[in-house]
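Hi everyone, thanks for making time for this.

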Amino acid sequence: PVGVASGMTAPDFTAHTTDGGEVTLSDLRGTVVVMDFWGAWCTPCKRSLPHLDNLLEAYGDDGLAVILVSTDEIEQESVDFLASEGFQEFISVWEPGGKRNSPITILYEMDDQPIPRSFVLDRRGVIRYVGHPTDLGATEIEPLLQP
C-alpha cells in the first residue's frame, strides 16, 4: 500500500529541483533515499543539515541519496542558505506553497507535522523510518544499503 507510515510505499512525485532540473522519486528506486522536510526559516532544520551531509558523505558511494524538500515560501531562501553553508550534494527541491500548501507537503501530510522530519526509503521505495533526521545513524542506514 502507498502511504506515509513506516512499512508503506512512499507516494511518488516529480518536483522542481533548485538547480533548474526535476526529480521523480520513483526514478531513485535501487537507491536508499533520505527525504528531509526542512526550511531555511527553521533553526532546528538548519542545525540538522550537517548531520545529513555527514551521512551522505559516509554512505553516498554505497547508494544513499538525500532529498531536501524545502518548505520555504520563497525558493531563493533555501538556495541561498544551502549555498552559504556549502551544501552541494543534496538533491534540493522546492515547490510553491510552503509548508502547508506545496504539492509534496500535502502528499506527505506535513501540514501539522513538526520539522525537520525525515523519511527513509529502502531500495524498493518502502518507508523504513519516519522521524527527526539527527536520530538517523549507521543502525538505521547500513542495513538498508546491503545488496
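Let's start with a pair of residues: phenylalanine 37 has arginine 117 in β6 as its bridge partner. Before I go on, a word on the source: this is a predicted model, where local features need pLDDT of at least 70, side-chain atom pairs count only at pLDDT 80 or more, and totals for chains, interfaces and linings use all residues. Residues are numbered from 1 along each chain as its sequence is written, and side-chain values use heavy atoms, with hydrogens and water left out.

Back to that pair. Strands β3 (residues 32–38) and β6 (residues 117–121) are joined by 5 bridges and run antiparallel. When I say strand or helix, I mean DSSP runs numbered from the N terminus: E over at least two residues for strands, H or I over at least four for helices. Two strands pair if DSSP finds at least two bridges between them.

With β4, β3 runs parallel, and 7 bridges join the two; valine 34, for instance, has valine 66 as its bridge partner there. Moving on, β4 is also parallel to β5 (residues 91–93), through 3 bridges, and isoleucine 67 stands opposite isoleucine 91.

So what order do the strands take in the open sheet? The order is β5-β4-β3-β6-β7, five strands with mixed pairing. At the edges sit β5 and β7 (127–131), each pairing on one side only.

Are its faces covered or open? Both are covered: Leu64, Val66, Leu68 and Ser70 are buried on one side, and Ala65, Ile67 and Val69 on the other. Buried here means under 20% relative accessible area, against over 50% for exposed and in between for partly exposed, with a 1.4 Å probe and protein chains only. Because 7 of the 7 residues of β4 (residues 64–70) are buried, this strand is largely enclosed by the rest of the structure.

How about the helices? Helix α1 (residues 43–59) forms a right-handed β-α-β unit with β3 and β4. The chain then crosses from β4 through α2 (residues 75–85) to β5, and this crossover is right-handed too. Right-handed means that, with the strands pointing away from the viewer, the path from the first strand over the helix to the second runs clockwise.

That's my tour, and I'm happy to take questions!
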